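Here are a few exercises to work through with the model open beside you. Try each task before you read its solution.

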Amino acid sequence: MKKWVPIASGLLAGFVAATISFADFSQSTNTQVASGSTKSNAEKVYVPFGEKDDYYLFASGGHSGQMFIYGVPSMRHIRTVPVFSQDSATGYGFDEHSKKMMGGYTWGDLHHPAFSETKGDYDGKYMFATDVGNSRAAAMDLETFTVKDIINVPNTSGPHCAAFVTENTEYMFLPTRFAVPIGSEYKSLDEYSDQYRGVMSAVTFDQNKEKLNIAYQVALPPWSYDLSDAGKKSSADWAVMTTYNTEEATTNLEINASQADRDYIVLFNWKELEKMVAEGQYDEVTGQKMIFPEKHKGGIYLVPVAKSPHGVDVTPDGKHFIASGKLAPSMTVFSFEKAFEAVKNQDFSGERNGIPILKYESVMEREVNPENALGPLHTQFDDKGMAYTTMFISSEIVKWDPKTGETLDRVPVQYSPGHSVAAEGDTVSPDGKWLIALNKIAKDSYLSVGPSHPESMQLIDISGKMKVIQSSPVNPEPHYAQIIKADKIKTIEVYPKDENNKLATYKQEDAKIVRNGNEVHVYGIAMRSKFIFDAKAKRPDVIEVNQGDKVFIHLTNTDFDEDITHGFAINSYNLNMEVQPGQTNTLEFTADKAGTFPLYCTNFCSALHQEMTGYFLVKPTK
Ligand code: RUQ
Ligand code: CUA
């Protein structure tokens, strides 16, 4: 068995080396899991062929920019849905609709997925996610598992903390991870404290139009905003976010952002902020309604918390929020009720940038320090309100009671869990059946694929004593995930006919090629097992254009039949798109290369799929 080696990089490395000997952890290796892999465990995760899993797992794909969909408990990977990155398997980022949505970017860094909620429970309608790489937010619909809208979030650089939605999906709050000057203009780092801001955006989603919108922004101090969560029930109008680098360091953050003993949790009342905006209490900046807390008072408070906190999670009953400290080995339980009292009594110990600081003792309920548990990051909950916190450094999950602080159970995981996710574990009614540890390091767990190993997701049965019973490799990198009951998601089988869509062609005889100057519009059909671009032509499956023409290929899949997806690719033209049953999709490009280019269907659609081809002929302009 290979020895566990320290993580050489990252924020925690110095702390790790100074605090513990890694030899202590070489004990908790994969052999422990193996000895637990009894037949009864295998039966728990075995879903016989033809039967379906009980839950969907939506795992963030990190810097793959995608979302990974798994079944639970089998942990079978079902689908990868492209969100922020191009994907040649589906033509995402190539067809017009998705290309436009992507806003010119070809990659993204997807961190935290969030289901839409009704009354604090997942409603199975939409999934939201944010892109730390290029400051975007996306909404995916769960009828088709495709992205409907993406917005760029101005004045922000890396909405890491998001997306976490309020109880009825009124808002998601997207605070910045990196402070930047408003408008992202050039400003010297010497002017950091004055000129840089940590802007948070309140984003809404219009379900009828399927559009994301920025309702307003808040110019918070130039700190890093790390994680957030929305309140529930009695705290439903509130939200919390952790901060670090309240030192406002501009270099060598590893050391300089860890000086102060306390950072803050930002506690805000979004109903009040909404009211302030309605009453005109904001400045119009870069086209946004911007609240400046030093000027527009109210609704925002700071709660001191042990240095450099990471996760903050609201308990299912909405009464508490729990912060976990990267650099302090404790979970701190805060009381919303006490915070509301403190706000009412103006029980402040000072202010920063015009934001009142509540007294720590007035809001804190207890600090919890399980013995030798190090690097607490994120907390999930079960049906009894018990908390499960990931320990990044001591590589384990600790189960504890938020009401007493008592440690109830611990299980080693392999290794270094960031988040974990419980079945419906961040809603008002968690299921309490499964918990999945999202491990940064899978060392020795799977067949080797060279120096870089996959990450891992370990399935833990939490119905009794915690037991790791299954594990699945996963591409970099599942930051967070959500598990939803499978029967909440109602997918459609085919896209319904849309008679109002002028780009769609449903009848074979209507397929045509229309030339307009040097623009060529193809209104074509893909069906088993042929393309029809021009019904009246001698060769209906051929598109002929002149070099330099602007070509639009509008393709409708007229097979209104489940699972009959067609693809469309032109050899050597670096173009590819997918048309799902009933769907119409458009490719737009310039025919800049003259020559003869075969085109073909990329999706295996019938026994005669190989015959589903044609030619794209580009006449040279002499
Ligand atoms: S963060 S490992 Cu990107 Cu969710 Cu805590
Ligand atoms: Cu259509 Cu293959």
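Two strands pair if DSSP finds at least two bridges between them, and helices (H or I, at least four residues) and strands (E, at least two) are DSSP runs numbered from the N terminus. This is a predicted model, where local features need pLDDT of at least 70, side-chain atom pairs count only at pLDDT 80 or more, and totals for chains, interfaces and linings use all residues. Residues are numbered from 1 along each chain as its sequence is written, chains are lettered from A and ligands numbered from 1 in the order in which they are written, and side-chain values use heavy atoms, leaving out hydrogens and water.

**Exercise 1.** Work out the strand order of the open sheet of four strands, and find its edges.

*Solution.* Start with the pairing: it is antiparallel, and the order reads S18-S19-S20-S23. Next, the edges: S18 (309-314) and S23 (364-368) each have a single partner strand, so one side of each is left without a neighbour in the sheet. Now zoom in on S19 (residues 320-325) and S20 (residues 331-335), which are antiparallel and joined by five bridges. Phe-321 stands opposite Phe-334 in S20. Finally, look for what lies across S18, S19, S20 and S23: helix H8 (residues 336-344), running at about 55° to S20. That angle is taken between N-to-C directions, from 0 to 180 degrees, with axes fitted to C-alpha atoms, for helices over the stretch in contact (heavy atoms within 4.5 Å).

**Exercise 2.** Describe the hairpin of S21 and S22.

*Solution.* First count bridges: four join S21 (residues 348-352) to S22, and the strands run antiparallel. One pair is Glu-351 with Pro-356 in S22. Then check the turn: two residues sit between the strands, and Asn-353 takes a positive phi near 50°. Last, the side chains of S22 (residues 355-358): Ile-355 and Ile-357 point one way, Pro-356 and Leu-358 the other, and all are buried (under 20% relative accessible area; exposed is over 50%, partly exposed in between, with a 1.4 Å probe and protein chains only).
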